[in-house]
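I opened this entry to look up the sheet and then the overall dimensions. The sequence and structure go in first.

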Amino acid sequence: MKLSKIILSFVSALVILFSTSVVSFAKVVGDKIILGAAISLTGKYSSNGVHTQNGYNMAVDRINSMGGVKVGGKTYKFDIIYYDDESNPKRAAQLAERLISQDGVEFMLGPYSSGLTKAIAPVTEKYGVPMVEANGASRSLFTKGYKYLFAVLAPANLYLDVAIDLAVEKNNGKGVTVAMAFEQDAFSQDVRLGVLDAIKRTGSKKVIDDKLPKELNDMAATLVKVKQMKPDVLVVSGHTKGALTAIRQISEMKVDVPMLAMTHCDAAKLSKQHGKNSQYALCASQWHKTLTYKDDFFKDGMTYDADFTKEFGYAPPYQAAESSAALLVFKDAFERADSFDQKKVRDALAATNMQTFYGNIKFAPGGQNVDKPMVLFQVMCDDGGKCENKVVAPTKWASAKLIHPIPSWSER
Amino acid sequence: MKNNLILYIGILIFGIAAPFVFPAFKVQLSILCVLIILATTWNIQGGEMGYNSFGNILFYGLGMYLCASVQVGMFFPLAEWTESGGEKTFVHTPTQFFQGMAVGLIVAAVVPTIVAGLIGYSILGLRGHYFAICTLGLGVAAGEISGGIEIIGAGQGFTTPPFPDVGSLDSRGEFFYFLSFFTLVLTFIAVRSIYSTRFKLILNAIRDNEDKAEAMGIETMKYKIIGWMISAFFCGLAGGIMGGLVGYIDSTDVAFDGREMGVFMVLMAILGGKGTLWGPIIGATVFHIFKEGFWTFFLGWQYVALGVLIVVIVIYFPEGIMGWLREKYPERFGEVVDEADRKAQVELK
């Protein structure tokens with residue numbers, strides 16, 4: 001059989017290919033600290049993936065231009081190796097493995113979304129690679145006992161429970177009826193758990209509890225039910241697409257509900273894309289430009305907002321801000337550790353206690369940031385149709401008063 | 001025959017040595033093994049039997065969930081493991097991990113086989129495009145259903161047990177590599193021996209003319225179901241391994257990933273040449289290398305590059321790499337060619 005010859009030559013070609021393609025980087029080359037990141041540049045999370053990447057890049061440029069990172073008396077600059085995880089957890093886990101074992105990366109930045117972070121965390125944990133992530137909020141990430149995972153954001157279950165509290169408060173402390181529609185993914189389902197806790201705590205009642213498919217394009221069935229049941233609060237969470245779909249269909253179907261609470265409004269640029277239709281939507285956010293936190297690199301939220309807009313041509317959603325904050329945390333930890341030893345850097349990260357333009361950062365033993373509350377903003381429009389996000393809760397940061405209940409469509 | 005033996009021993013040695021020669025590529029090599037298993041077993045009913053199935057992803061995903069569930073459920077309460085808000089952390093001891101994995105893999109192979117039998121009984125009466133479309137729905141439905149089952153994590157996903165602390169950091173990669181490599185060897189031996197029996201001829205008869213095969217007294221339904229069950233057995237195993245390798249199971253993106261794995265397994269078999277023993281293996285290898293290359297060098301454009309590859313395959317290699325080689329070098333495939341006859345044929349064209 002001559003066929004075997006063909007296959008033999010094929011196999012040997014393979015060997016040559018493999019052996020020539022081993023290119024290894026070290027974590028610190030010359031004056032560069034190389035971080036690795038798998039980001040969703042394509043697929044269902046691509047828009048948020050880009051926000052994340054822009055946030056990282058913005059911070060890298062800023063830190064590098066302002067003197068870099070000082071370790072052991074030498075100045076280093078940040079550099080990031082990116083891969084596209086295609087919004088797919090399988091791919092993300094593979095890429096983490098690749099970044100660490102092939103590219104030799106010893107410090108990682110997180111991907112976008114809880115699901116992908118969940119896929120990457122076991123890998124970084126196994127290799128003892130410290131990962132500062134800014135976009136994986138699922139509570140289950142912080143209950144697994146991961147030692148090398150640090151999240152600069154508040155866990156997902158805290159996103160919308162405040163909204164339920166607000167509704168109850170407006171209802172004179174009596175329980176409210178809640179309709180829920182959540183995408184079937186790690187993050188949204190965790191938001192749901194938080195809302196469920198809040199419902200239980202306040203003696204409220206859930207009347208609709210729908211699970212929506214990924215890549216949410218249609219939630220008309222849920223909205224028909226909402227029209228029938230007339231709940232006090234409608235809670236929707238499904239990343240950027242979920243927010244856009246909800247507003248589009250609520251306005252099309254003229255669904256009246258006293259309170260509409262959502263996530264990802266700013267990432268979806270709701271107020272810009274849907275204008276007045278998005279008015280009164282209440283949104284959970286990790287950050288808002290009007291918050292008065294400060295740091296040396298970005299000064300404060302307003303300055304960050306202006307600088308980011310100048311560089312990328314759109315206002316930064318919180319996904320970008322928290323991503324920038326992740327690099328500030330890394331810089332701080334490297335300098336305090338004064339070493340590139342992964343264990344030392346890890347310990348330094350665990351001891352982080354700092355303020356950034358994005359908020360205070362201090363990690364609980366599980367890795368989540370416990371020093372930064374969530375804020376709720378409401379989309380408010382003036383008569384000219386210009387809409388803006390204004391913080392309405394918690395009261396400490398509020399720049400506007402909550403409009404409740406939402407006027408019905410016939411009155412708008 | 002002697003040449004063949006050398007080839008097999010060569011590949012075996014290459015397979016065993018690979019993780020030590022290319023330590024950085026262990027994960028990619030493990031995935032390659034899984035891809036080859038999927039392509040080879042898809043070929044049983046897709047290539048040999050002529051029933052193009054997009055539904056094998058169902059068995060793969062089923063195997064993945066089953067293996068992980070058994071591995072956890074044998075030692076800990078499964079519901080608490082997957083419940084996202086759970087405050088408890090469970091850790092498998094090495095013995096528990098490997099025992100669980102072993103039992104899990106057995107379940108992951110057996111249950112999908114039974115499921116294939118049941119589903120096959122009801123839908124293998126469909127032929128051609130109707131069968132393909134029907135199976136396309138299977139994977140999609142399974143993804144949506146599993147995304148709603150709380151005990152396996154629903155939309156939250158399922159984190160498979162982390163690899164226990166045995167030996168060095170490389171042990172996880174080596175374990176999964178050898179697991180997938182030996183499963184591949186097992187698959188190859190099984191498929192190869194199946195292909196040397198009357199069973200393969202029956203499958204081919206079904207592909208070439210099912211009615212005639214039936215008229216000759218072959219119980220086609222029985223063989224079609226058995227063929228699909230064999231595929232399901234190995235797909236389930238592959239899924240179980242992949243679940244452990246990835247470490248995180250998501251209903252539509254990892255387990256019932258019809259959009260990627262489900263299509264890739266068909267593509268790999270066609271690229272290599274369906275209806276041949278070596279075709280799917282070569283196809284999977286070439287495909288995997290291309291894909292990894294695209295990811296590295298065409299960041300953001302990898303799917304465009306992949307699309308171009310598919311177009312090129314369909315236009316220039318409709319019979320796959322093996323088919324193309326066979327046409328070019330028929331002598332090497334043991335075919336006796338009469339030069340004069342060949343020339344005459346070319347002129348006729």
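**Sheet and fold notes**

I started at strand β17 (residues 375–381) of chain A, which is joined to β18(A) by six bridges, the two running antiparallel. I took helices (H or I, at least four residues) and strands (E, at least two) as DSSP runs, numbered from the N terminus. Two strands pair if DSSP finds at least two bridges between them. Within β18(A), I found Lys390(A) as the bridge partner of Gln378(A).

The model is predicted, so local features need pLDDT of at least 70 and side-chain atom pairs count only at pLDDT 80 or more, while totals for chains, interfaces and linings use all residues. Residues are numbered from 1 along each chain as its sequence is written, and chains are lettered from A and ligands numbered from 1 in the order in which they are written.

I then traced the open sheet of seven strands, with mixed pairing and the order β9-β8-β10-β11-β12-β17-β18 (chain A). Its edge strands, β9 (205–212) and β18 (387–393) of chain A, each pair on one side only.

For the whole chain, I counted twelve helices and 18 strands in chain A. I noted that 56% of the 412 residues in chain A are buried (20 or more other C-beta atoms within 10 Å of the residue's own, C-beta atoms being placed from the backbone). The C-alpha atoms of chain A fill a box of roughly 75 × 65 × 40 Å along the principal axes.

Terms used:
A residue is buried if 20 or more other C-beta atoms lie within 10 Å of its own, exposed if 12 or fewer, and partly exposed in between; C-beta atoms are placed from the backbone.
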